[in-house]
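Below is a short report on one protein chain. Keep the sequence and the structure in view while reading.

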Amino acid sequence: MAKSILRKIAIFPVLVYQYTISPLFPSSCRFTPTCSQYTKEAILKHGVFRGGWMGIKRIARCHPWGGHGHDPVP
C-alpha cells in the first residue's frame, strides 16, 4: 500500500506537466512514447527510484544530438 501511494506522489508532477505545461508548447519530443509518458510508465513498472532514474536518463538523451524513434520502457 505504501508503495502505491509513493508511486502516485511521484507521478503527480508528471501529470501536472502533461495537463498544464505540455499543451502550451508544440510537440517536439524525439521519442515515442514522449519523455513524460515514458517516465510515468517507468515509475509504475519499476518503482519510484529506478523508474525515476530511467526517466531522468531519457530526458537527458532528448536533445538534437541524441537518439530518436520508438523507445519503450524495458
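Arginine 58 sits in helix α3. Helices are DSSP runs of H or I with at least four residues, strands are runs of E with at least two, and both are numbered from the N terminus. The model is predicted, so local features need pLDDT of at least 70 and side-chain atom pairs count only at pLDDT 80 or more, while totals for chains, interfaces and linings use all residues. Residues are numbered from 1 along each chain as its sequence is written, and side-chain values use heavy atoms, with hydrogens and water left out.

With a relative accessibility of 0%, arginine 58 counts as buried. The term buried means under 20% relative accessible area, exposed means over 50%, and partly exposed is in between (1.4 Å probe, protein chains only). Apart from neighbours within four places in sequence, arginine 58 is in contact with Phe31, Thr32, Pro33, Thr34, Cys35, Tyr38 and Asp71; contact means heavy atoms within 4.5 Å. A polar atom of the arginine 58 side chain lies 3.3 Å from the backbone oxygen of aspartate 71.

Side chains of opposite charge can pair when their charged atoms come close. A salt bridge is defined as a side-chain nitrogen of Lys or Arg within 4 Å of a carboxyl oxygen of Asp or Glu. By this rule the count is 2 salt bridges.

Arginine 58 forms a salt bridge with aspartate 71. Because arginine 58 lies in helix α3 and aspartate 71 in the segment after β2 (69-70), this pair ties together parts that are 13 residues apart in sequence. Aspartate 71 counts as buried, at 19% relative accessibility.

Aspartate 71 also forms a salt bridge with arginine 61. Arginine 61 lies in helix α3 and aspartate 71 in the segment after β2, so the pair ties together parts that are 10 residues apart in sequence. Arginine 61 is partly exposed, with a relative accessible area of 35%.

| Salt bridge | Distance between closest N and O atoms |
|---|---|
| Arginine 58 and aspartate 71 | 3.5 Å |
| Aspartate 71 and arginine 61 | 2.4 Å |

**Helix α3**

How far apart are the end C-alpha atoms of helix α3? The helix has 14 residues (48-61), and at 1.5 Å a residue it should span 20 Å; its end C-alpha atoms are 20 Å apart, which agrees. The expected span is 1.5 Å times one less than the number of residues.

The buried residues of α3 include Val48, Gly51, Gly52, Met54, Gly55 and Arg58. They cover an arc of only 160° around the axis, which puts them on the same side of α3. The arc is that of the directions from the helix axis to the C-beta atoms. Among the elements that cover these buried residues are α1 (2-21), β1 (31-32) and α2 (35-46). The face turned away from the buried side carries the exposed residues Phe49, Arg50, Trp53, Ile56 and Ala60.

**Helix α2 and a residue of α1**

Helix α2 has 12 residues, which should span 16 Å at 1.5 Å a residue; its end C-alpha atoms are 16 Å apart, in agreement. Cys35, Ser36, Tyr38, Thr39, Lys40, Ala42 and Ile43 are buried in α2. The buried residues of α2 pack against α1 and α3. Glycine 47 follows α2 and has a positive phi, near 100°.

Glutamine 18 belongs to helix α1. At 17% relative accessibility, glutamine 18 counts as buried. Not counting residues up to four places away in sequence, glutamine 18 touches Pro23, Ser36, Gln37 and Lys40.

**Arginine 30**

Arginine 30 is in the loop between α1 and β1, and is partly exposed, with a relative accessible area of 30%. Leaving aside neighbours within four places in sequence, arginine 30 is in contact with Cys62, His63, Pro64, Gly66, Gly67, His68 and Gly69. The C-alpha atoms of arginine 30 and phenylalanine 49 are 24 Å apart, and the two residues are 19 residues apart along the chain.

**Cysteines**

How many disulfides does a search of the whole structure find? The search finds 0 disulfides, a disulfide being a pair of cysteine sulfur atoms within 2.5 Å. Cysteine 29 is in no disulfide, and its nearest cysteine sulfur, that of cysteine 35, is 3.7 Å away. Cysteine 62 is in no disulfide either; the nearest cysteine sulfur is that of cysteine 35, at 3.9 Å. At 28% relative accessibility, cysteine 62 counts as partly exposed.

Methods
A polar contact is a pair of N or O atoms within 3.5 Å; within protein, one must be able to donate a hydrogen and the other to accept it, and residues adjacent in sequence count only if both atoms are side-chain atoms.
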